[in-house]
Amino acid sequence: MKIKLAKTLGYCPGVRRAMDMAFEELSRRDGRVFSRGELIHNGPALELLAQKGLKIWAGETAGAVIIRAHGLPPEEKEFLAKTGLRVRDATCPKVLGVQKLVDDRAKRGFDVVIWGAADHPEVIGLMGHAYGRGRVISRAGEAADLPELGQVLLVSQTTQESAGWPEVVKAVLARWPEAEIHNTICEATAIRQNGLRTLAGEVDALIVVGGRNSGNTRRLVEIGRALGKKTLAAETAADLEADWFRGVATVGVAAGASTSFWQISQMLQALRAMGRAGENSWRGLGERFLRALVLSNIYGAAAMASMAVVAGALMNAAAAPIIFSVYFFYIVALHLLRDFARAQTIRFNAPDRTAFMAKYRRPLIGLICFSAFMALAASILASAGLTLSLLLMSLMVLAYWRLPRPAWGAASFCGRLRPVARPALLALGWTLLFVSAPLLAAGPTAESDFSAWPFLFTAVAVFCGLFALTTMSDFLSAQGDRIFGRPTLTTVCGEKAVERLLKTNMAVWALALAVGLATGNLPRLAAILIFAGPAYSFQLIKPLFKNNGLCGFRFEAARFGSALLTGLCFLLF
């Protein structure tokens, strides 16, 4: 079964702002944190916030209270301000704009007609800003039943279906030709609705991921069914049943504006598992084998060890087999330990990996022990210097994982610098190991003495390759890190800035290889590596950001593909 994603997924800006505000308050740990009503309409996300300490406000007077994303009537805001609580306003900026518009016109004597659901929190808030001059209609036909009004302002609940707006406008203008009309349907809502209409034409069935009480999610489901498509509303993977997918060759996945990437990722993992369960062809077996290699970190370890071998080749150093063995086994052990240490975060970033680790826990622990032993044995056989460098690296990693970190505030210079510098520091550490390993293990060959320029060009190229890997990994882990209060390069700088950084990095990578080759400091292998490294990695940027990191193990395999290709080029040329 093929899976196609809607073009726009994940939190809309207003919901993301509310969630970030909640995580920020909870991470401060300086008192209780409440929300006035449900912060957003998303059951799993609210459960997560409750586990982290967020409670619904019930009259408390100490701590912090967050105003829900749907907003509040003005009198409720004024009451909260007098309670002594620290008040954070997470009202969606779009909703705030509609509130200000309604408030202004109501004070000028307008009667306000609101198209929406009378019991929806957003509409309740808008009615408060109308100061008794508001009327709610749920469909165009109800405009005829309204009493006689004076000057009329027509607005919409921001999550209404955009296709129904012209009919409502026509009905209101039929009664009040001079009415002031403002289309206040959120652009993020309209984009998702239009995207679902496009997706429906490309698939056999639709799954809309979102909260059961989310208005915009319900409307996506209604649109799908109105288009004649088999449509399922699913809040969690538990809502999926294999029988529902009988006869479905291609399923489309869309989501409401309050649905997080980690929820969508968990849904995709469940769908892919269903697809694998029914796939017994050679292709299916091959995918299962590749998945096992990727999720056990064997694939990534082979790729990174290949980079160490190629680094030696660029500097004309020998001992390739022993270098590959040392780093292959070392990286397998280290990355599996990392995954077990970050199990809480990984279950949001990579539910597929979490399921794999839970199913094969004992074999994976055995693989850690075996790999650590083999890495130590191979390093001893190589040289004392290489053994010492690995031991120092291991101590630094353990210190990074276990030692308490400075309590820098997220808004401070150091607090913002740390997540920005982390991918670069990781890449720098591995670069120093990779470029020094061939020299520590074997030294320069007889044909060519060691020179600083080949070392420099090689170091820059290896750093850029590793920085691309670590930055993509940072982007893929942004959701889980955001949940657990760990800022990342992506959450601090934004996706556009990370995309520009990756493209610049690819250019520097290609330039280092090209200049090194042109000046005679790197062998002809460098010309081939330009295509196997930066050119190959560059074409991964678009799917990474287009799919918002919802890429699965196939993208993980492709991400390490450039490193494996460089190793293959070394073997062939």
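Visitor: What makes Arg 500 count as exposed?

Guide: Its relative accessible area. In this predicted model, Arg 500 has 55%. Exposed means over 50%, so Arg 500 is exposed.

Visitor: Where does Arg 500 lie, and how far is Arg 500 from Ile 541 in space?

Guide: Arg 500 lies in helix α21.

Visitor: Why is α18 called roughly antiparallel to α21?

Guide: Helix α18 covers residues 452-476 and helix α21 covers residues 495-518. They pack at an angle of about 160°, with axes 9 Å apart. Angles over 145 degrees count as roughly antiparallel, so that is what α18 is to α21.

Visitor: What is the hand of the crossing of α18 and α21?

Guide: The crossing of α18 and α21 is left-handed.

Visitor: Which residues meet there, in α18 and in α21?

Guide: From α18, they include Phe 457, Val 460, Cys 464, Phe 467 and Phe 475. Among those from α21 are Glu 495, Leu 501, Met 506, Trp 509 and Val 515. By class, the contact of α18 with α21 has 17 nonpolar, four polar and one charged residues.

Visitor: How do you know that α11 and α18 are roughly antiparallel too?

Guide: By the crossing angle. The axes of α11 (residues 298-314) and α18 cross at roughly 165° and come within 9 Å. The cut-off is over 145 degrees, so α11 and α18 are roughly antiparallel to each other. Their crossing is right-handed.

Visitor: Which residues make the contact of α11 with α18?

Guide: Helix α11 supplies Met 304, Met 307, Ala 311 and Leu 314. Helix α18 supplies Pro 454, Thr 458, Val 462, Gly 465, Leu 466 and Leu 469. The classes are eight nonpolar, two polar and no charged.

Visitor: What makes α10 roughly perpendicular to α14?

Guide: Helix α10 (residues 282-295) and helix α14 (residues 351-359) cross at roughly 85°, and their axes come within 10 Å. Roughly perpendicular spans 65 to 115 degrees, so α10 is roughly perpendicular to α14. Arg 291, Ala 292, Val 294 and Leu 295 of α10 make the contact with Asp 352, Arg 353 and Phe 356 of α14. Four of these residues are nonpolar, none is polar and three are charged.

Visitor: Why is Asn 297 called buried?

Guide: Its relative accessibility is 6%. Buried means under 20%, so Asn 297 counts as buried. Asn 297 is found in the loop between α10 and α11.

Visitor: What is the phi of Asn 297?

Guide: Near 70°, a positive value in a residue other than glycine. Most residues other than glycine have a negative phi.

Visitor: Why is Tyr 131 called partly exposed?

Guide: Its relative accessible area is 41%. Buried is under 20% and exposed is over 50%. Tyr 131 falls in between, so the label is partly exposed. Tyr 131 sits in the loop between α5 (121-129) and β7 (134-137). Its phi is also positive, near 50°.

Visitor: What about the whole chain: how many helices and strands, and how many residues?

Guide: The chain has 24 helices and 12 strands. Of its 573 residues, 51% are buried. Among contacts with a separation of 6 or more, 76% link residues 24 or more positions apart.

Terms used
Residues numbered from 1 in each chain as written. Predicted model: local features only at pLDDT ≥ 70, side-chain atom pairs only at ≥ 80, totals over all residues. Heavy atoms only, no water. Axes fitted to C-alpha atoms, helices over the stretch in contact; angles between N-to-C directions. Helix = DSSP H or I, 4+ residues; strand = E, 2+ residues; numbered from the N terminus. Parallel < 35°, antiparallel > 145°, perpendicular 65-115°, else oblique. Left-handed = near helix turned anticlockwise from the far one by under 90°. Contact = heavy atoms within 4.5 Å. Nonpolar A, V, L, I, M, F, W, Y, C, P; charged D, E, K, R; others polar. Buried < 20%, exposed > 50% of the residue type's maximum accessible area, 1.4 Å probe, protein only.
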